[in-house]
Amino acid sequence: MRRYQEKATIIPKRLETSQSQQPVIITGSDLVGSAYHWNLDYLCAHLGYGLYTVYSSTSGKFKYYDEKKVPNVPSFKPPTSHTDMTFQDFVSILRQKNDSKWIYLQQPLNDTVGPRIEMDFKGFNWDFAYRQMKKNRWGPLTSNLLLVGMEGVITPAHYDEQENLFAQIQGYKRFLLFHPDQFECLYPYPIFHPHDRQSQVDFDEPDLKKFPLFSKLKGYEGIVGPKDVLYIPMYWWHQVESLQGHGETISCTFWFKAAPTEKVVYPLNAGQKVAIMRNIEKMIADTLKDNKNMPHFMKTMVQGSAD
Ligand SMILES: CC[C@@H](CC(=O)C(=O)O)C(=O)O
Ligand SMILES: [Zn+2]
């Protein structure tokens, strides 16, 4: 991945999250200690024959898109395709090493897994996970996403609306993380767009005419390897690259709902401002029912009120 900024802050390593909604790489947590032996052959033998969602890309980039929003943008061309297949079929395609085809398995762990995987899953250090949840006042755990990627795959910059303990089991991933206050440097797509929550900027070929503030972007960088757990705070932007030369990557996410907001304290923090911007944009889109007119309408609203 090309340098996108002069100097990134290195994500600090700690033994736990620190209640400050700051990213940390937690070392030695054994959060997924019972899965440290997972590799492609073991998963083939024990994941069972359920179907797994496998994404394909011709560029190696896997920019997420929401299929339900595709009708909002008739000209939208999906950057990836996906199909459901058994884990065994996924691994046999992976081992064909067809350079023009990049594939990435992303599937919530569910009850189709075999008894060995179920045992491993039950063996996760749930005390550690729930201790972080209580300490940070997160909401309930919503899902564990199993990620198995070819080396070199990239998930472009985006943010999620949940707290995330990202556990690395095999291989190495480089994370770029950006505070929610970098929002204006990352030019998110409009909410009605299929690429909602994704950055419009291609980090490899940034169009600085269209996205001038991208050159002001400041962020964090960290590499997670086996046994590391990265805490990705909600609304923090992140771009993820499975590093070449270390084989396939196997990761498992622990997504938690946000902490309930009891009392609003001013000034609002950047994440709260993102939530408010999203709500306002949704209200306008629902009222106007005309996505094409949204940008003009919002520009008129802001320019009209300028003093
Ligand atoms: C979803 C894929 C991505 C991780 C991520 O974005 C997250 O866990 O929020 C990655 O590892 O390539
Ligand atoms: Zn994410």
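The legends below describe close-up views of a predicted model. Residues are numbered from 1 along each chain as its sequence is written, with chains lettered from A and ligands numbered from 1 in the order written. Local features need pLDDT of at least 70, side-chain atom pairs count only at pLDDT 80 or more, totals for chains, interfaces and linings use all residues, and side-chain values use heavy atoms, without hydrogens and water.

**View 1. The zinc ion (ligand 2) and its donors.** His158 (NE2), Asp160 (OD) and His238 (NE2) coordinate the ion at 2.1 Å. Donors are N, O and S atoms within 2.8 Å of the metal (3.2 Å for Na, K and Ca); water is not among the atoms, so sites may look incomplete. Along the chain the donors follow the spacing H-x1-D-x77-H. His158 is buried, at 8% relative accessibility, and Asp160 is buried at 14%. Buried means under 20% relative accessible area, exposed over 50%, and partly exposed in between (1.4 Å probe, protein chains only).

View 2. Helices (H or I, at least four residues) and strands (E, at least two) are DSSP runs, numbered from the N terminus. Two strands pair if DSSP finds at least two bridges between them. S11 pairs antiparallel with S12 (residues 220-224) over 5 bridges, where Arg174 has Ile223 as its bridge partner. S11 also pairs antiparallel with S14 (residues 237-242) over 6 bridges, and Phe175 stands opposite Val240.

**View 3. Helix H7 (residues 294-305).** H7 is hardly covered, with 1 of its 12 residues buried.

Technical notes
The expected span of a helix is 1.5 Å times one less than its number of residues.
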